[in-house]
Amino acid sequence: MMVMSSTTKRSPRAPSVPLDEAIDRVRRVYDKENCHPAPADAVAQHLGYTNAKNGAAASAIATLRYYGLIGRGEAKTIVVSKEVQDYIFAPSSDIKKGLLVKWLRTPPVFGDLLDEYPGHLPSDETLKFRLVQKGFSPDAADACRDVFRRSVEFVGYYDDDDGVIGQDVGPSVTVEQAQASGEVASRESAFGASFGPKASQPMQPPVQPQPQPIDEDFDRIPVRLSGGRRAWVEVPSPLYKKDKERLKAQIDLLLTDDEDV
């Protein structure tokens, strides 16, 4: 008699939000901490959470790490990558693009897909099929595919050189290297006008999350949590089967981001 295992196989680890959203989030941390080591709870608070033990906070921090936007410091601290600072103050779009390509390729599953499809991405159905082959559940494959495709579009990965940018990418050019070549000096006036800690091109200034009004066409469902806490889930009414599948896919993807922060 075959015994079915009750253990649900988890999908491979992958970012739960697209790269543009991840950069917005890491800039909130950079604005508060620069590139200094910070406790995980402080980083979570900069991202809008109470502490790092929150499941959503752990997922957000894990995603920043998957892209290489943050790293681990001493004594279990978190450090914003020096490359984030280079990106903010980059004096040219080429430097920014190089960093974006590097971050896009950092998650192993994203790098593998970009290597597999050097000219352009295939259909959504083919991408989902390949992700399922790589170990994702069908629903998690949908969520990961959407995050991946939006990240690729944000970076403009296939926009230049007949769709082969990003291959054989060497070390990214930093601001310090640009200064050594005299590039920064030649752009001093433009740098002062266009770049700085609050540079908004191409990124928008980080916006703190604001509570959304409750739509009368949404049902607000209370969920009891441990320690007497409570959460609410807002779902549209009616909630169709396809909606439930997409919600489950997003939750499945969040559950892969459970590394200690």
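Me: Which residue in S3 is the bridge partner of Ala38?
Reply: The model under discussion is predicted. Strand S1 (residues 38–39) pairs with S3 in the antiparallel sense over two bridges. One of them joins Pro39 to Thr77. For Ala38, the bridge partner in S3 is Ile78.

Me: Which residue of S3 does Gly71 stand opposite?
Reply: Strand S2 (residues 70–72) and S3 are antiparallel and are paired over three bridges. Within this pairing, the residue of S3 that stands opposite Gly71 is Val79.

Me: Are the residues on the two faces of strand S3 buried or exposed?
Reply: In a regular strand, side chains alternate between the two faces of the sheet. In S3 (residues 77–80), Thr77 and Val79 lie on one side, with Ile78 and Val80 on the other. Both faces are covered, and the state of all four residues is buried.

Me: Which residue takes a positive phi in the hairpin of S2 and S3?
Reply: The hairpin has four residues between its strands. A phi near 55° is found there, and the residue that takes it is Ala75.

Me: How many residues apart in sequence are the parts that Glu21 and Arg150 tie together?
Reply: Glu21 and Arg150 form a salt bridge whose closest N and O atoms are 3.1 Å apart. Glu21 belongs to helix H1 (residues 19–33) and Arg150 to helix H8 (residues 138–155), so the separation of the tied parts, in residues, is 129.

Me: What is the relative accessible area of Glu83, which meets Lys102 in a salt bridge?
Reply: The side chains of Lys102 and Glu83 meet at 2.5 Å, N to O. Lys102 lies in helix H5 (residues 93–105) and Glu83 in helix H4 (residues 82–89). Lys102 is partly exposed at 34% relative accessibility. Glu83 is buried, and its relative accessible area is 14%.

Me: In which helix does Asp115, the salt-bridge partner of Arg105, lie?
Reply: The side chains of Arg105 and Asp115 meet in a salt bridge of 2.5 Å, N to O. Asp115 is partly exposed, with a relative accessible area of 46%. Arg105 is in helix H5, so the pair ties this helix to a part ten residues away in sequence, where Asp115 lies in helix H6.

Me: How many salt bridges does the count come to?
Reply: The salt bridges include the pairs Glu21 with Arg150 and Lys102 with Glu83. Others link Lys128, Asp142, Arg145 and Asp146 in a network. The count comes to ten.

Me: What is the angle between the planes of Tyr157 and Tyr158?
Reply: The count of aromatic pairs comes to four. Tyr157 and Tyr158 form one of them, at 4.9 Å centre to centre. Both residues are buried. The pair is edge-to-face, with an angle between the planes of 80°.

Me: Which residues do ring pairs link into a cluster?
Reply: The cluster is held together in the list of contacts by ring pairs. Its members are Tyr67, Phe110 and Phe148.

Me: Over the ring of which residue does the charged end of Lys96 sit?
Reply: Lys96 is among the buried residues of H5. Its charged end is 4.2 Å from the centre of the ring, and that ring belongs to Tyr87.

Me: Which residue caps the N-terminal end of H4?
Reply: Six of the eight residues of H4 are buried, so the helix is largely enclosed by the rest of the structure. Those buried include Glu83, Tyr87 and Ile88. A side-chain oxygen lies 3.1 Å from the backbone nitrogen of Glu83, and the capping residue that provides it is Ser81.

Me: How far apart are the end C-alpha atoms of H5?
Reply: H5 has 13 residues, and at 1.5 Å a residue the helix should span 18 Å. The distance between its end C-alpha atoms agrees with this, at 18 Å.

Definitions and conventions:
Residues numbered from 1 in each chain as written. Predicted model: local features only at pLDDT ≥ 70, side-chain atom pairs only at ≥ 80, totals over all residues. Heavy atoms only, no water. Buried < 20%, exposed > 50% of the residue type's maximum accessible area, 1.4 Å probe, protein only. Pairing = 2+ DSSP bridges. Salt bridge = Lys/Arg side-chain N within 4 Å of Asp/Glu carboxyl O. Phe/Tyr/Trp six-rings, centres within 6.5 Å; stacked < 30°, edge-to-face > 60°. Lys NZ or Arg CZ within 6 Å of the ring centre and 35° of its normal. Polar contact = N/O pair within 3.5 Å; in protein donor to acceptor, adjacent residues only side chain to side chain. Expected span 1.5 Å × (residues − 1).
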